[in-house]
Amino acid sequence: MSSVFSQLIGQWLDVQGFLIFLCVLLLVKHFRDVYSKNMPPGPFPLPFVGNLTNIGFSDPLGSFQRIAEKYGDVCTLYLGTKPCILMTGYETLKEAFVEQADIFTDRPYFPIVDKLGNGKGLIMSSGHMWRQQRRFALATLKYFGVGKKTLENAILQECRFLCDSLQAERGLPFDPQHLVTNAVSNIICGLVFGHRFEYDDHQFHLMQTYINNILQLPISNWGRLYNEFPTLMSLLPGKHQTAFASMSKLQPFLKEEIIKHQQDREPSSPRDYIDCYLEEIEKCKDSDAEFTEENLMFCVVDLFGAGTETTSNTLRWALAFMVKYPDVQEKVQSEIDQVIGQTRQPLMDDRTNLPYTYAVIHEIQRFANIVTFTPPRVANKDTTVGGQLIPKGVIVLPMLKPILLDKKEYSTPYDFNPAHFLDQNGKFLKKENFIPFSIGKRMCPGEQLARMELFLFFISLMQHFTFLPVEGQKLSLKGTTSVSSAPQPFQIRAVPR
Ligand code: HEM
């Protein structure tokens, strides 16, 4: 009996010894892999889980920032077994995305992006196809008046609809989210579909919800899990399934719009982006550029999604800041009263005469810092940035937030202070490193449109209303973690002036 027992113990020790030996071997291999790659500095990754313990799930962006503060503007982070490079600092991003623009234009492959959009569209596509789609989108936005009077008039018309709806709230407490989102969304709808929607249109709201579900997924924890275990996750329930279902429900709606356009479009006088795209499908002989109906659908989702959430969240931040800083609101209103008055609608040309208001809009964008996660890039060949090696194919995660909070550039980076954008004489001060729209060949193609919307909507609101807190309610200035960070839902009062 005792000899059987000692035999079993002996075998167990053999197995245990073998397992320990295997672990040591794997650990040595892990150390060798991490150190032999000559990657930029960063926290040491654990085998299999990488820097999960450094990142956590509750505030990934905050942890990215802390890591960059400790290890520098170019540092390495392991997402599971995959190394990624965090990049921040204005000079660093300029060196990578402007001076080496052709190396850093592509987006990396992610299973979730593949599943949602087949790698098509504008935001996450790469290579020749992305170049052609982007060139076309920029040319079409310009054709329909971005930066010109025609679009200015369309935005001013929407400003009137928004103000009328706010007026109907009669100064009582309300959440501005839906009205502001609808107004902003209608501008991109006008450009893409050729028409606006009524604010209570059910289809309009469904479309916004679907697109929101789709665009939130890639940066959510569900998206992270799907990227790590695509096959397993596709079998499990969760928010990723809601986003996949949203994509399926959205497609018939967009298809209907495309069919309507096909039926009544006039090639010689295109009315909107869809008309122009359908013409391009017929004209284009370059099959690699992929001007197809399927790609049209993904481009529309991207334009609609990127063009709605970002600008409407910025405007909601603007309202929250005006309520929180009534002295700033008062100064803005007084400048507008002097320069434009309360009856004439604002024009883009008024910018030069409204230095304080223009500075406030810049400070709103800086302080709100809405783009929490800039879409990642990938280098198409080995290169160096800030003296650090960036190997071909490794994911690069750019961070704009630390640049907008740079204490060398802004005297009080953590305070809402419009003086950051004013010189000693009260004139507007342009800052080279103010880059909320990013830089380089992939920078936001909607920058001009967004700037027009922010200026005209903000001034119209300030002309007609004073925004006040709701008695007994504390307004939080904490942002949500999302593709574009919004203020936590809040109620305010819009009291007609
Ligand atoms: C305040 C408003 C906005 C902000 C702060 C913003 C910011 C950004 C940022 C930081 C990027 C990533 C650039 C990069 O990868 O380096 C981006 C991309 C993009 N934005 Fe915007 N954006 C805004 C409004 C808009 C609007 C109104 C549109 C509609 C035309 C738009 C369409 C896009 C598209 C299509 C991309 C992807 C570009 C590409 O990958 O080539 N954005 N935006």
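Helices (H or I, at least four residues) and strands (E, at least two) are DSSP runs, and I number them from the N terminus.

**Entry 1: ground rules**

I am working on a predicted model, where local features need pLDDT of at least 70 and side-chain atom pairs count only at pLDDT 80 or more, while totals for chains, interfaces and linings use all residues. Residues are numbered from 1 along each chain as its sequence is written.

I checked confidence next, using pLDDT (the predictor's confidence in each residue, from 0 to 100). The protein averages 91, and 97% of the residues score at least 70. Of its elements, helix α1 (residues 2-36) has the lowest mean pLDDT, 72. Helix α15 (residues 326-339) has the highest, 98.

**Entry 2: the sheet**

I traced an open sheet of four strands in the order β1-β2-β6-β3, with mixed pairing. β1 (74-79) and β3 (377-378) are the edge strands and have a single partner each, so one side of each has no neighbour in the sheet.

Then I went through the pairs:

- β1 and β2 are antiparallel and share six bridges; C75 sits opposite L86 in β2.
- β2 and β6 run parallel, joined by four bridges; I85 faces V396 in β6, and M87 faces P398.
- β3 and β6 (residues 395-398) run antiparallel with two bridges; R377 has V396 as its bridge partner, and V378 has I395.

I also looked at the β1-β2 hairpin, which has two residues between the strands; G80 there takes a positive phi near 70°.

What packs on the sheet? I found helix α3 (residues 60-71), touching β1 and β2 (82-87). Contact here means that the C-beta atoms of two residues, placed from the backbone, lie within 7 Å. The direction of α3 makes about 135° with that of β1. For that angle, axes are lines fitted to C-alpha atoms, for helices over the stretch in contact, and angles run from 0 to 180 degrees between N-to-C directions.

**Entry 3: burial and the core**

For burial I count other C-beta atoms, placed from the backbone, within 10 Å of a residue's own: 20 or more is buried, 12 or fewer is exposed, and in between is partly exposed. By that count β2 is mostly covered, with five of its six residues buried.

A nonpolar core is a set of buried Ala, Val, Leu, Ile, Met, Phe, Trp, Tyr and Cys residues joined through C-beta atoms within 7 Å. The largest one has 116 residues, and L86, M87, V192, V300 and F458 touch the most other members. Which helix gives the most to this core? I get α14 (residues 293-324), with 16 residues. Setting aside neighbours within four places in sequence, V300 is in contact with V192 and L254.

I picked I187, which lies in helix α8 (residues 177-193). Is I187 buried or exposed? I187 counts as buried, because it has 24 C-beta neighbours inside 10 Å. Beyond four places in sequence, I187 is in contact with A154, I155, E158 and E453. I also checked Q157: I187 and Q157 are 30 residues apart in sequence, and their C-alpha atoms are 9.8 Å apart in space.

In helix α13 (residues 273-283) I find Y273, I274, D275 and Y277 buried. The buried residues of α13 pack against α6 (127-143), α8, α12 (239-264) and α14.

For the shell I take a residue as near if its C-beta atom, placed from the backbone, lies within 6 Å of the molecule. There are 25 residues around the ligand, and A306, G307, S438, C444 and G446 come nearest. α14 and α18 (447-464) are the elements that give two or more residues to this shell. The largest share, seven residues, comes from α14.

**Entry 4: positive phi**

S438 has a positive phi of about 70° although it is not a glycine. S438 lies in the loop between α17 (401-404) and α18, and counts as partly exposed because it has 17 C-beta neighbours inside 10 Å.

I looked up R170 as well: it has a positive phi of about 50° and is not a glycine either. R170 sits in the loop between α7 (149-167) and α8. With 11 other C-beta atoms within 10 Å, R170 is exposed.

Notes: Two strands pair if DSSP finds at least two bridges between them.
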